[in-house]
Amino acid sequence: SSDEEGGEEYLFKIVIIGDSAVGKSNLLSRYARNEFNLHSKATIGVEFQTQSMEIDGKEVKAQIWDTAGQERFRAVTSAYYRGAVGALIVYDISRRTTFDSVGRWLDELKISMFSSPIIVYVEHSAHSDTTVAMMLVGNKCDLENIRDVSVEEGKSLAEAEGLFFMETSALDSTNVKKAFEIVIREIYNNVS
Ligand code: GDP
Ligand code: MG
């Protein structure tokens, strides 16, 4: 491996999944551009956004994929998951049905990931690992007054499935940066 100064480059693919209207697109726009859209329509066009952070003095880039509304038709294809080394599985704390769907999303994620070749875009890493960093995200925690899923339920599902857990609000920015950065750090730890 090369010891060139600044020679290390990390690019990780991360996917965001979960039922329609849980706030996937707004979590991404809040993280990547600090934008929120109250009347966002189904995502059009944009496939992913790339966001950089520094870890151990190295530039680590996350290529974060958002569904283009296919989740509405339960038609997220394996191409969407291919090569992903991180995932955010999102539900809406004010709609229990979206929490009930988490298991199905997890199954789909696991099936897709382990049935396609894992591509880890890492140069100079000692080994590439097939571990996928996953976080369960309870979004819209600003809607405390109409909460339908308790923090404890979210936590215990995450624990049972071996996922990180965080409640977020794309609306008021609570924990958004933190959620993405925990996943990115975990991927980095997995491969470095
Ligand atoms: P997606 O279908 O999962 O991509 O969800 P969107 O990001 O398009 O959001 C669906 C709706 O929920 C939009 O009206 C957003 O404004 C709203 N929304 C997204 N995140 C939040 C949040 O954290 N809090 C609240 N109150 N509304 C949100
Ligand atoms: Mg969307």
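A residue is called buried if 20 or more other C-beta atoms lie within 10 Å of its own, exposed if 12 or fewer do, and partly exposed in between, with C-beta atoms placed from the backbone. The structure is a predicted model, in which local features need pLDDT of at least 70 and side-chain atom pairs count only at pLDDT 80 or more, while totals for chains, interfaces and linings use all residues. Residues are numbered from 1 along each chain as its sequence is written, and chains are lettered from A and ligands numbered from 1 in the order in which they are written.

The protein chain holds six helices and seven strands. Helices (H or I, at least four residues) and strands (E, at least two) are DSSP runs, numbered from the N terminus. Along the sequence they follow the pattern β-α-β-β-α-β-α-α-β-β-α-β-α. Of the 192 residues, 39% count as buried. Two residues are in contact if their C-beta atoms, placed from the backbone, lie within 7 Å. Among contacts between residues at least 6 apart in sequence, 74% join residues at least 24 apart.

Strand pairing was examined next. Two strands pair if DSSP finds at least two bridges between them. Strand β1 (residues 10-17) runs parallel to strand β3 (residues 58-65), and six bridges join them. Here F12 stands opposite A62 of β3. β1 also runs parallel to strand β4 (residues 86-92), through four bridges. On that side I17 faces I89 of β4. Seven of the eight residues of β1 are buried, so the strand is largely enclosed by the rest of the structure.

Strand β2 (residues 48-55) is antiparallel to β3, with eight bridges between them. M53 has V60 of β3 as its bridge partner. β2 and β3 form a hairpin with two residues between them. In the turn, D56 has a positive phi of about 50 degrees.

Helix α1 (residues 24-33) gives the most to the shell around ligand 1, with three residues. Eight of the ten residues of α1 are buried, so this helix is largely enclosed by the rest of the structure. The buried residues are K24, S25, N26, L27, L28, S29, R30 and Y31. They pack against β1, β2, β3, β4, β6 (133-139) and α6. N34 follows α1 and has a positive phi, near 55 degrees.

A residue is near a molecule or strand if its C-beta atom, placed from the backbone, lies within 6 Å of it. Of the 18 residues around ligand 1, G23, K24, S25, N26 and L171 come nearest. The shell has six nonpolar, nine polar and three charged residues. Ala, Val, Leu, Ile, Met, Phe, Trp, Tyr, Cys and Pro count as nonpolar, Asp, Glu, Lys and Arg as charged, and the others, Gly among them, as polar.

Helix α6 (residues 176-191) has 16 residues. Its first and last C-alpha atoms are 23 Å apart, close to the 22 Å expected at 1.5 Å a residue. The expected span is 1.5 Å times one less than the number of residues. V176, A179, F180, V183, I184, I187 and Y188 are buried in α6. Seen down the helix axis, the buried residues of α6 fall within an arc of 165 degrees, so they line one face of the helix. The arc is that of the directions from the helix axis to the C-beta atoms.
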